[in-house]
Structures are given as C-alpha cells and as structure tokens.
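Please keep the viewer open while you read.

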Amino acid sequence: MSRSRPAGPSRRTLLAGALAALSVGVTGCSSDDADGAGGAKTLRIGYFAFPSGDLIVKNRRLLEKALPDHKITWIKFDSGASVNQAFLGKSLDIAALGSSPFARGISGASPIPYKVAFILDVAGENEALVARKESGITDVAGLKGKKVATPFASTSHYSLLAALDTAGVEASEVQLIDLQPQAILAAWQRGDIDAAYVWLPTLDELRRTGVQITSSKEIGTAGKPTLDLAVVSDELIARDPKTIDVWRGVQADALRRIKSDPDGSVKAIAAELGISTEDAGAQLSQGVFLTPEEVSSADWLGTDGAPGKLLAYVTDTGRFLAAQKQVEAAPTADAVSAAFYLKGLPDVLK
C-alpha cells in the first residue's frame, strides 16, 4: 500500500466509525452521563500498553485512591488514530495521545474538542525503524521499493515520513502499509513486510530478528521530536477542572516514582504488560521521562499564558503533515496555542 492518499476522511465519517467501533469496546460508557450508578462521577481514561508513568498510575491505583468518589474506567487503545475517533464519539474524558495524532486532531475547520494538559514522555529508543536482516536494508534510502508497515496517523508514522524526507526518499517510492502493532508482528513473522516503524513492546519483538535502522531519538535530535501527550476533553474542562488537577498530580507522582523508585516502577509496568521485570526494565530505560518541573517549563509544556516549546513542536508537526498531504491544512500557531490547557499547571505539579 502506497502512503500517498487523500488527506483523510471527513469528521462525519470518522464519527460514524468511532460510534460503531466504540459500541463494542466501551460498552456502558455514555458520553452524556457525568454521573454513574448511585450518583458516582465517571472518568473514562484511554491508555496504551506502553512503558510510561500512565501504567504506574493505573497499576498502583493512584487515581482511584485520589478520587474515591469517581468510577474510573481504563480503556486500552492501540494507536492515536483510534483515540481521536473515541474523542469524536465523546467516549473519553482523558487519554494518552502522540504529538502527531494530536496535531492531526486540531487541524482543519472542525478540530476535535480536546486540549493537551500533560506530557507523559518524549520518544526515544522506544520507537524505531527495524528491517528484516534478509531484506538487505541498511539505511533509510534502502526502503525504496520495499514493504514498510507502521500504524498510520501515529507518532511512528510521522517519524517514518520525517526519516524518508531527510533521506530524500519520496513516500510514493515506498510501499507503506497501515498496520497496528500486533498485526505488524504477525506480518513480520509471516515474512509479508520488509521493515516496520513501531513502538514497544512490539518493537523489541522485531529487534530479535531484525536490524534497527533509526529511532525517534535520532529523528528528534535532528529536529523532529515526537512525544506522548495526555489530552482532556473540553467537556471535562468545563464540568470538572479539579479532577484534571488531581489527575495531573498523580501523573507527576508517577514521573517521580520512575526516578525515586525504579524497582517498584518496573514491577508495576511488568505487571501491566505481562512481561518479566527484566524486560520491563529494559523497555522503561528506552524512554525519556521528564521531571514534573520540566513538564511545566518553557522548554516543554509551559504555563498558562506562556506555552513552552511544545507549541512550536506541534505547529511544525502540523506543517509537515500538511506538506505530506496527511492533513488538509496545518493548524496555525494560534490554533495550537488554543488547544493547550495549562491553568494552574505548576501548582498542581509541586
């Protein structure tokens, strides 16, 4: 499958798909009900099975302990594209989301009604391009004419396009295939693809029999960084901003635990992913985790009225995606700034 394709389906088409998909995966989570049975407040959180502080919050039940009057539902997603669809279907309140799908979500005349409120991690060696040893691929230029899989509309997809652009390879010269991580692993094992750009834990499976060509750390250092953000719905911001503050507080706690209690953090992630502590430790070490103070600094998310460098990163990502015809039009810097929720951020991260 070639990467060259229309800018994407309409919001209405995505909404229809979202409602159909989520009727199975998010049963019982009404988009209009702020209160659950017995008057309990509900909070629907989207997450990825990916080594991060998010999994520590989930495993240690930090949010449940901090919000005992809330019914909290954790919903696993495979990629940012499906998270965007879920927000369109009003089936999420908070979710992890890559910087590239976030830039997509706020592009166009009808941006998704959500805002970035936290940074979970910065992509490092935990997302990478790996080629089959027998493919003969030794660099990005070697992808010409080859079958390369990645989850479309993801940070990996963005990083792959950036790598091709830097190497002077047209996307149309590569057979790009849109596959989710588990499908990538199956295709790899069958020998159906020559290379893949994907994240952990699937990435480690490919590395066992493949050769790493480049990583998101290298691509980010060269000027196109990607991040795992956390977004909150506009509806939740209007309805229950104090809950967002509590949620950001436990996320900050998880970031501190990664540094202050590495063994406990590894055990929590191993339990969530169903892998050994040795593998969990190796995977966790490949990510770049900021301190809470760094999250709200000018170098990253910034503060209310003074967005940090993330504003430029997301704006540049949108422009790149527009140039690659992945979105109809790039969001303006003002539109990106409007999609930041930074109220009280430094205070809640102390």
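What is the mean pLDDT of the protein chain, and what share of its residues reach 70 or more? This is a predicted model, and its chain has a mean pLDDT of 89, with 89% of the residues at 70 or more. The stretch to treat with care is residues 1–33, where pLDDT stays under 50. The model still has 56 contacts beyond four places in sequence for residues 1–33. Where pLDDT is low, the predicted coordinates should not be read in detail.

**Empty space**

Rolling a probe the size of a water molecule over the atoms shows where empty space is left. Searching the whole structure turns up one cavity of 30 Å³ or more. That largest cavity has a volume of about 190 Å³. It is lined by 18 residues, and those closest to its centre are Phe 48, Phe 50, Gly 98, Trp 199 and Asp 228. Two elements, strand E3 (94–98) and strand E4 (114–122), each give two or more residues to this lining. Strand E3 gives the most, with three residues.

Helix H7 (181–190) and helix H12 (262–273) are the elements that give two or more residues to the pocket lining.

The table sets out both linings by residue class.

| Site | Nonpolar | Polar | Charged |
|---|---|---|---|
| Largest cavity lining | seven nonpolar residues | six polar residues | five charged residues |
| Second largest pocket lining | 10 nonpolar residues | two polar residues | three charged residues |

**A helix pair**

The axes of H12 and helix H13 (residues 277–284) come within 8 Å and cross at roughly 110°. Because angles of 65 to 115 degrees count as roughly perpendicular, H12 is roughly perpendicular to H13. On the H12 side, the contact is made by Ser 265, Val 266, Lys 267, Ile 269, Ala 270 and Leu 273. H13 brings Thr 277, Ala 280, Gly 281, Gln 283 and Leu 284 to the contact. Sorted by class, this contact has six nonpolar, four polar and one charged residues.

**Backbone details**

Which peptide bond is cis, with omega near 0°? The bond from Leu 200 to Pro 201 is cis.

Arg 61 sits in the loop between helix H2 (53–59) and helix H3 (62–66).

Methods:
Residues are numbered from 1 along each chain as its sequence is written. This is a predicted model: local features need pLDDT of at least 70, side-chain atom pairs count only at pLDDT 80 or more; totals for chains, interfaces and linings use all residues. Side-chain values use heavy atoms; hydrogens and water are left out. Helices (H or I, at least four residues) and strands (E, at least two) are DSSP runs, numbered from the N terminus. Ala, Val, Leu, Ile, Met, Phe, Trp, Tyr, Cys and Pro count as nonpolar, Asp, Glu, Lys and Arg as charged, and the others, Gly among them, as polar. Axes are lines fitted to C-alpha atoms, for helices over the stretch in contact, and angles run from 0 to 180 degrees between N-to-C directions. Angles under 35 degrees count as roughly parallel, over 145 as roughly antiparallel, 65 to 115 as roughly perpendicular and the rest as oblique. Contact means heavy atoms within 4.5 Å. pLDDT is the predictor's confidence in each residue, from 0 to 100. On a 1 Å grid over the protein atoms alone, a cavity is a set of points where a 1.4 Å probe fits but cannot get out, and a pocket is an open set with protein on both sides within 12 Å along at least five of seven lines; lining residues have an atom within 4 Å of a point. Grid points are joined across faces, edges and corners, and a volume is the space filled by probe spheres set on the points.
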